Amino acid sequence: MADALTLFTSIGLSEQKAKETLKNEALSSALKDAIVQAQRVHGPSGVDKAMGTLLYSMASRLRDTKRLAFLSDHIAQRKICTELQLAAALDFVKSHPQDPMNQKEFEDACGVGVVITPEQIEDAVESVIKKHKEQLLKERYRFNMGLLMGEARTALKWADGKIIKNEVDMQVLHLLGPKTEADLEKKPKVTPHSEMNNEGKSLMEQLRGEALKFHKPGENYKTEGYVVTPNTMNLLKKHLEITGGQIRTRFPPEPNGILHIGHAKAINFNFGYAKVQVSISPLLPTVEFVSLSTFKRIVSHWGHAYVCHQKGEELKGHNVPPSPWRDRPVEESLILFERMKKGLYAEGEATLRMKMVMEDGKMDPVAYRIKYTPHHRTGDEWCIYPTYDYTHCLCDSIENITHSLCTKEFQARRSSYFWLCNALDVYCPVQWEYGRLNLTYTVVSKRKIIKLVETGIVRDWDDPRLFTLTALRRRGFPAEAINNFCARVGVTVAQVTMEPHLLEACVRDVLNETAPRAMAVLEPLKVTITNLPENAKSDVRVPDFPANEAKGSHVVPFTRTIFIEQSDFREVMEKGYKRLTPEQPVGLRHAGYVIFVQRVIKDSQGKVVALEVTCCSSTETAEKPKAFIHWVSQPLKCEVRLYERLFLHRNPEDPSEVPGGFLSDINPNSLQVISSAFVDSSVKGAKVFDKFQFERVGYFSLDPDSTADKLVFNRTVTLKEDPGKI
């Protein structure tokens, strides 16, 4: 160890960095070989710090160790002198896994021997600044200088980045002069919706951009960590013949419970990236055949699997001891697996495990387990079921998936994914991980939602206070709004936690354009217009979309008796109150009338229960009323359900925020049921899930609980964002 430590520090590594390197056996071995190769050219003391830094970077990033000597030699001969050249070299060897490698192509790709003069850098930067001069003069130092750097580096691929930056800084200063006070002012604050960094971009625009660098179909081997076997190129060639170079993603997702908002992102991501989706139905017979036969290949041909009797609790956690049955004879495992299939073991008494170590250090993942639960398609025919680790990669391989997209928590499974495909010598797709989408003020775990249902906190999986897709549909969230939200959240490898109000904003944007207007009164106050005859009745035409009356209209009756919201009347005038009072008239929306209070009627407790008013045409009043309120006449009685957040805290599952657990964090006001609301008769023919904007009240959707005698509406979202919730 002392010799290795001295060797590593001799190339410029600090003692601490050298000790950390020695803890990583693979890196330590690769770095030793690289240094020895370089010392053959320069002697024991001829490797300086700059060369040592490149050797360390190469050893830590190279996956195909058979190229180690080749790259070390190029570094030692100072053909590869910069990090930029090294990155190009690593990309080239990753893209050319087969021998022989064309040395000239390699050196051309890495810029070996290319010399960039100061004059070339000066000319290239001058050309870029000239191209953007007008915008630079307009925006001055607020201009994105990274754009200038990027274009200059593209023009001079192998130039030193620091020299380019110095030249850009100098020429910009010459053009704009020193920074002024205006240049130093802070940029204006961003709006709440800027939390969604990709707003305005479609999902496809993001996927075409810089968010993720996917391999091209058939170039799977260019992906970091992809394992190349002697048969890989043949299998990729056959794969391309079948797909014709088409991008294929998985049919997402594979939840073990009901779909939720996070799955909506997965669906958007997969369908967004692959325009044409492979149908799984014709492949089912093939999947069945393969899933039943491959275990025999993996056990009998290679001895890569075995039947194990360790209990589930023994396999939990890290540093699990190896199974005592790991080396049992192949023939014995085949016999025992047949017994598992015939139902001769109890649940948990035996599993089929694969002999491999996963990326997170866990050993021998389970391939098949026993479960005596009827299957929705095969009934009681089977009592053994394959696991995700076994089926995921094989189904992808059978379907010739090019990009298997899944969330970040499955990253540790990538090693078993590649291992199993290669162990069976079948086409190996590439698994790509992205950050999952989480929302605050909710839970999406199947186990936790079951608790909410069992305790009666919510009615079922489609309770509109949840964020399952069935719940969002019942609440009235349009699919387009959910898709827009997923696009705005964007495609990142980092986990994303969003606030519900950002999703609600997307819902408002869609419903504002698609939900026709109607009038509804949630807390009715009876109003009698005394200067109209008893049997007076007229029709009032109301536009479905006031901003675009060409989109249609509907008719509502106007009679002597109407109903307004209780909150639209106050007996005592207050400063800033613009609606109806005994001293202040108010206009009636769409009706063309202004009403004046004549008499306030109260019950025995002194509560206002009715008003008597007079009316006149809004064109006849000398002064325009300060407000116009909505109303209904000859309305339909309906039930209205108003929803708020189910939980009081942003992170109900976080013990530091909610020590008592998520069940102790329920908002007691998350549901308010108004059983005797009134809505105008224009909604009478509405179908379940039809959506409306109740003017001045909010957006609502017709609930499946509705009957011919009584309509039930769920409030989808309020008309405006509540600042208190942001």
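Tutor: Let's start with a term: a salt bridge is a side-chain nitrogen of Lys or Arg within 4 Å of a carboxyl oxygen of Asp or Glu. By this rule the structure has 33 salt bridges. Please keep in mind that this is a predicted model, where local features need pLDDT of at least 70 and side-chain atom pairs count only at pLDDT 80 or more, while totals for chains, interfaces and linings use all residues. Residues are numbered from 1 along each chain as its sequence is written, and side-chain values use heavy atoms, with hydrogens and water left out.

Student: Why is the contact of Asp 108 with Lys 104 called a salt bridge?

Tutor: The closest N and O atoms of Asp 108 and Lys 104 are 3.0 Å apart, and the rule asks for within 4 Å, so the pair qualifies. Asp 108 and Lys 104 are four residues apart in helix H7 (residues 103-109), which means about one helical turn separates them. Helices here are DSSP runs of H or I with at least four residues, strands are runs of E with at least two, and both are numbered from the N terminus.

Student: What makes Asp 108 count as exposed?

Tutor: Exposed means over 50% relative accessible area, buried means under 20%, and partly exposed is in between (1.4 Å probe, protein chains only). Asp 108 has 52% relative accessibility, so it counts as exposed. Lys 104 is exposed too, because its relative accessible area is 59%.

Student: What makes Arg 579 and Asp 568 a salt bridge?

Tutor: The side chains of Arg 579 and Asp 568 come to 2.9 Å, N to O. Both residues lie in the loop between strand S14 (561-565) and strand S15 (586-588), so the pair ties together parts that are 11 residues apart in sequence.

Student: Why is Asp 568 called buried?

Tutor: Asp 568 has 1% relative accessibility, so it counts as buried. Arg 579, at 25%, is partly exposed.

Student: Which residues are linked in a network of salt bridges?

Tutor: The network links Arg 459, Asp 462, Arg 474, Glu 639, Arg 641, Asp 703 and Asp 705.
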